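Dear colleague,

Please find below the structure that I am handing over to you, followed by a summary of what was found in it. I would be grateful if you could read the two side by side.

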Amino acid sequence: MNNLAFQIEDNYIKNPEKTVIIQNNKKITYNKLYEMVSSFTNYLIGKEIKKGQKVLVLVPMSIELYVTLLSLWSIGAIPCFMDAGFIKNGMKNNEFDDISAVLGIKKYILYSSINENLKKLKTKIDVSIINKLENATKVNIEEVENNFPAIYTYTSGTTGKPKIASRSHEFLKCQGNILLENLNYQRDDIELSTVPIFTLSNINARITTVIADINFSNLGKSNPKKLISQLNIHNINRIMASPGLLEVITKYAIKKNITFNNVIKVFTGGGAVFVDFINSVKKVFPKATIVTIYGSTEAEPIAKCNVTNININDLQLTSNGNGILAGNIIGVDECKLINCKKEEIGSITTEEFNNMQIQEDGEIVVTGSNVLKGYVNGIGDRKNKFSVDGKVYHRTGDLGSFDEYGRLWLKGRIREPFFDIEAALHSRFNNIGKTAVFEKDGEIILVIERQSKVSIEEIKKAITFKNIDKIMYIKKIPVDKRHSTKVDYKELRKALKI
């Protein structure tokens, strides 16, 4: 019973008429989901998709995505994914020489012709067929081993040869159980979600997910009116979204003086969450508990923090350069900080590892059952993994510190460790707007969007713990398309011509 597809059977039996997913005006129950999965599974078997085959799935977050995922799992095939914002680049950067079929929406299937190996494939299926199939008989779900891959995720490949993260059925079960323990699910919850992997947890927890009506290729360009309409129509009481998407909602809602008293839980992560942003979320969702989640593709979650009411001491620490409070460690067996500038660590002894550990300003490394131990074909392992007497750790590439209570604070990426400056500014000024900090030729440069209402004099008075050498202005700071949150420093430097 290791195959995750067995969970849908269990939920169908126990809650056949419970609404599981809402997308636009369409609602499906566990019963209907089970029927759709049975029909599509039989269809895919007819197309000769078999256990162990890798299938590229080019489907944005939708009902069809989860039908596709569960159908491929039922067969024992391996769904392979790319983030929507990376699809065009991903077609160029990945070889895809072991893909047997492509399943997707028509637009994305056309993109696949960019890649020579995908262009040659005979099996390319438009998933709109799912809604045209007649109900089929129950399928026999394939048994799989504990370490059998459930999902392949391709990275963007923008920093070198793309890595492929492989998550097994057992890994995703473990992750789901950790999320169940930490995300405070209640059976009557209705969640607005933009995070596909967390929606799997929702399906298992038997709560209803409303798929956000957004631009999945670029979250920051989503229409706030559509999102606000969904919050009202579906009586949503919890939200799972990146800071970038929450900002789309909060900016519009504050401008129009709109609040949502029905929303009592807001979960966010995937990028920096600053104090002024938290204040904006509180204005729009005054009854909500706001929780940040820190993690990565390779280890999700690592830490969580209830930031609804930040105490004075934590605010003071933020203002004085401690960075962003990520909170208490959850999910991982160990979270350590190491003093290491090496690109590769390799295999070391426990004694050597102990000598590398520090409490402040160290690289965050983790291990545990919900931490990926390696990438497909080992590409990326040498830089991102190391072993301590056989135990594998993942290097997050993030800089952090532990406080006296054992809580984790984030300082930024190893290459851009300036959350101390940014977090301090955002804790002191509610109107500073988007910021970015980086180093160039030994100088620390602060970049602010032109619409900021904070003066250079105010900034210099606020930041006393570190010297800012230069302050520059730009019309708009570029951010990643995946979360519309993280600063794209490569594009920023290009825009500033430095």
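Strand β12, which spans residues 265-269, is mostly covered, as five of its five residues are buried. Please note that this is a predicted model. The cover extends to both faces of β12: Lys265, Phe267 and Gly269 are buried on one side, and Val266 and Thr268 are buried on the other.

Which strands pair with β12? One partner is strand β11 (residues 238-241), which pairs with β12 in the parallel sense over four bridges. In this pairing, methionine 240 stands opposite phenylalanine 267 of β12. Between β11 and β12 the chain passes through helix α10 (residues 243-255), and this β-α-β crossover is right-handed.

Strand β13 (residues 289-296) also pairs with β12 in the parallel sense, here over five bridges. Phenylalanine 267 stands opposite valine 291 in β13. From β12 the chain runs through helix α11 (residues 275-284) to β13, and this β-α-β crossover is right-handed.

**Asparagine 182**

A separate point concerns asparagine 182, which lies in helix α7 (residues 169-182). Is this residue, asparagine 182, buried or exposed? Asparagine 182 counts as buried because its relative accessibility is 14%, and the cut-off for buried is under 20%. With neighbours within four places in sequence left aside, asparagine 182 is in contact with Lys304 and Ile330.

With kind regards

Notes: Residues are numbered from 1 along each chain as its sequence is written. This is a predicted model: local features need pLDDT of at least 70, side-chain atom pairs count only at pLDDT 80 or more; totals for chains, interfaces and linings use all residues. Side-chain values use heavy atoms; hydrogens and water are left out. Buried means under 20% relative accessible area, exposed over 50%, partly exposed in between (1.4 Å probe, protein chains only). Helices (H or I, at least four residues) and strands (E, at least two) are DSSP runs, numbered from the N terminus. Two strands pair if DSSP finds at least two bridges between them. A crossover is right-handed if, with the strands pointing away from the viewer, the path from the first strand over the helix to the second runs clockwise. Contact means heavy atoms within 4.5 Å.
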